[in-house]
Each structure stands twice: as structure tokens, then as C-alpha cells.
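Student: I would like to learn how to read a fold feature by feature, with the general idea given before each case. Could we begin with the way strands are paired?

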Amino acid sequence: IEHHAVLHTLEALAKEYPIKIVYLPLTDKGEIQLSDLEAALAQHAAQKVLVSLMHLNNEIGNVLPIERVAMLCKVYNAYFHSDTVQSVGHYLIDLQQIPVDFITASAHKFHGPKGVGFAFIRKGITLHPLIYGGAQEKGLRAGTESLHNIVGMAAALTQSCEKMEETTHKVKQLKQYLIEEIQQHFAEAVFNGCSAEGEEKASYLIVNVGFPSLKEKNDTLLFELDLKGVACSKGSACQSGSVQTSYVLSAFLPKEQLQYPSLRLSLSHFNTKEEVDIFIKILREIGGR
């Protein structure tokens, strides 16, 4: 259930190099068990291992206990990379306290410029360059940097961190209102993963919900919502507009639950209760209610 940025990279590396990819099993909520991770680390203790687990899942909002995973990786002398694209700018990540070796982030997720991001690499770790050429980025990425985008990213991240407490409170309330409205008007709705659970398990930014009563709309629901001005997706935002079943949901949901449409609803502090009301009204109209 990792983002394709990780999955497809690993698949390409496995074709080129003699590496073995181990996928951890998932619960019916799309979670991994730390006992399964430890068993995999113990089994491959004699080899150099890289663990890659995302902090917040971009489709179902599940939260990884990132500090516990990092500590476990240290016990087994494994490198730990976490895709923190969904959490940087929205969650505090203390890199002095959490011994994660690599994290990755993207500016557009915290309202910065599109097309720029950053990687944190723990000091002392040697990597091959991403792009060969000049000595930019300490020799890791040759080429002239897009300075205006980098400055924009830094400004957006600074603003996000300064206003984090205020915006978090607002979006949490908005998410709870959205969940309550869905439950009131679509009693049969099923929340996927941990998206409707407490903050220890679920991101306050994402709701992923299935609608059994809209089964006949499985192939058209996104288009109908789009025509009425509602922007959402069946899977990741990268796949908005796609009618294909989410590969993330397919990884842990039973087949019968994949027969009806599920929507990924992503929130920010720019959203309002009025927008939630409009969304519910449009969804009811599409469902003939």
C-alpha cells in the first residue's frame, strides 16, 4: 500500500540488482503489525536491509508508529526510509528524537509550489547521485536548482509549522463533521482502513469511505461528482479521474467491498462546513435521495 513512487522504484531496482523485496502482510484495516516487521528483520539479520514504510497512507490515512518502527530498525541495524509526503507540514517530526535515516517530502502537500520537494538523509550515509554532473546538492543531484521554488517551499513549510496547532484543530473538527454527515445520510457507508478512527491511528486530513447503496454508480460516480464541481478521487490524488479500483484498497479489502464505489476525501484548512454540506447534498442527489 506504499505510494507508486516507492513501489515502482523497488520493482525497477529488483530487475537490475540482486535484491529481494519483502512485502509485509496487512490487517483488514490496512495496517502492518510490528511483530511481522520484526520477524522479517530477524530473518534477514545477516544482510543489509532497507525498510520503507510511509508515515501516513495517502489513500486511507493510516498512521504508522514511525518512532517505534525507527527504534526497531536500529535494533536490527537496518536502514529506515519513510515517505512523509502526507505528514510534513501537518505533523511534528522530530528528527533528533526519531532515528529515521531518510524522509521525503513534497511542497505542494503543505500548500507550497508544485514540482519541488526535499529529502532528508541522515549524516554519514553515502548515496550514489540521483543525477550525475555538477556538484550541486553535495554531489547528489547535479543541475541548477529551481531557487524560486525552493524559497517558496521553505516559506510554505515555515508558515505551516507556525500555524500547525490552529489549522490542525480546524481540520480535525471539519473531518468529524464530514464523518457525522456521511453517517447521518448514508447509514450503510463503510469507512475504509482506519480513516474514521482516532488520531493515533488515522490522519486528520483524509477520509476514505465506501457507499454500498451507490453500487450501480461504481463506474460513473467520480464523473458525476466532477461535473457538479466536487474534486475527489477513488485512490491517490495522482489517479484522480481514474475509474479503476484502488490498488491500496485491493490489497486488504474483501472482493465484495470492491464492488461498490469508495471515495478518498482529502481536507485542508481552506475547506469549510458549507463545502461539506454541498458535497453531501450532491451525493444524495446522485444517489436519488
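Predicted model: local features only at pLDDT ≥ 70, side-chain atom pairs only at ≥ 80, totals over all residues.

Tutor: Two strands count as paired if DSSP finds at least two bridges between them.

Student: How many bridges join E1 to strand E2, and which residue stands opposite Val 51?

Tutor: In general, the strands of a sheet pair through backbone hydrogen bonds, either parallel or antiparallel. Here E1 and E2 (residues 79-83) run parallel and are joined by three bridges; within this pairing, Val 51 stands opposite Phe 80 of E2, while Ser 52 stands opposite His 81.

Student: In what order do the four strands of the open sheet lie, and which are the edge strands?

Tutor: The order is E1-E2-E3-E4, with mixed pairing, and the edge strands are E1 (50-52) and E4 (117-121), each of which pairs on one side only. Neighbouring strands of this sheet are turned against each other by 15 degrees on average, if direction is ignored. As for E2, four of its five residues are buried, so that the strand is mostly covered.

Student: Where does the open sheet of three strands have its edges?

Tutor: That sheet has the order E5-E6-E7 with antiparallel pairing, and its edges are E5 (190-191) and E7; each has a single partner strand, so one side of each is left without a neighbour in the sheet. E6 and E7 are linked in the antiparallel sense by five bridges, and Gly 210 has Ser 262 in E7 as its bridge partner. Helix H5 packs on the sheet, where it touches E5, E6 and E7, and its direction makes about 10 degrees with that of E6.

Student: Turning to helices, which residues in H8 are buried, and which are exposed on the other side?

Tutor: The general idea is that an α-helix has 3.6 residues a turn, so residues three or four places apart point the same way. In H8, the buried residues are Val 276, Phe 279, Ile 280, Ile 282, Leu 283 and Ile 286. Seen down the axis of H8, these buried residues fall within an arc of 165 degrees, so they line one face of the helix, whereas Glu 274 and Lys 281 are exposed on the other side. The buried residues of H8 pack against H5, H6 and E7. After H8 comes Gly 288, whose phi is positive, near 75 degrees.

Student: Which residues are buried in helix H2, and against what do they pack?

Tutor: In H2 (residues 34-43), Leu 37, Ala 40 and Leu 41 are buried. Their arc around the axis is only 100 degrees, which puts them on the same side of H2, and the buried residues of this helix pack against E1 and helix H3 (66-75).

Student: Finally, which residues of the largest nonpolar core touch the most other members?

Tutor: That core is a set of buried nonpolar residues joined through side-chain atoms within 4.5 Å. It has 33 residues, and those touching the most other members are Ile 182, Phe 211, Leu 225, Leu 263, Leu 265, Phe 279 and Leu 283. At least two of its residues come from each of H5 (164-185), E6 (206-210), H6 (221-227), E7 (262-266) and H8 (273-286). Leaving aside residues up to four places away in sequence, Leu 283 touches Phe 186, Phe 211, Leu 214, Leu 221, Leu 225 and Leu 263.

Key: Residues numbered from 1 in each chain as written. Heavy atoms only, no water. Buried < 20%, exposed > 50% of the residue type's maximum accessible area, 1.4 Å probe, protein only. Contact = heavy atoms within 4.5 Å. Arc of directions from axis to C-beta. Axes fitted to C-alpha atoms, helices over the stretch in contact; angles between N-to-C directions.
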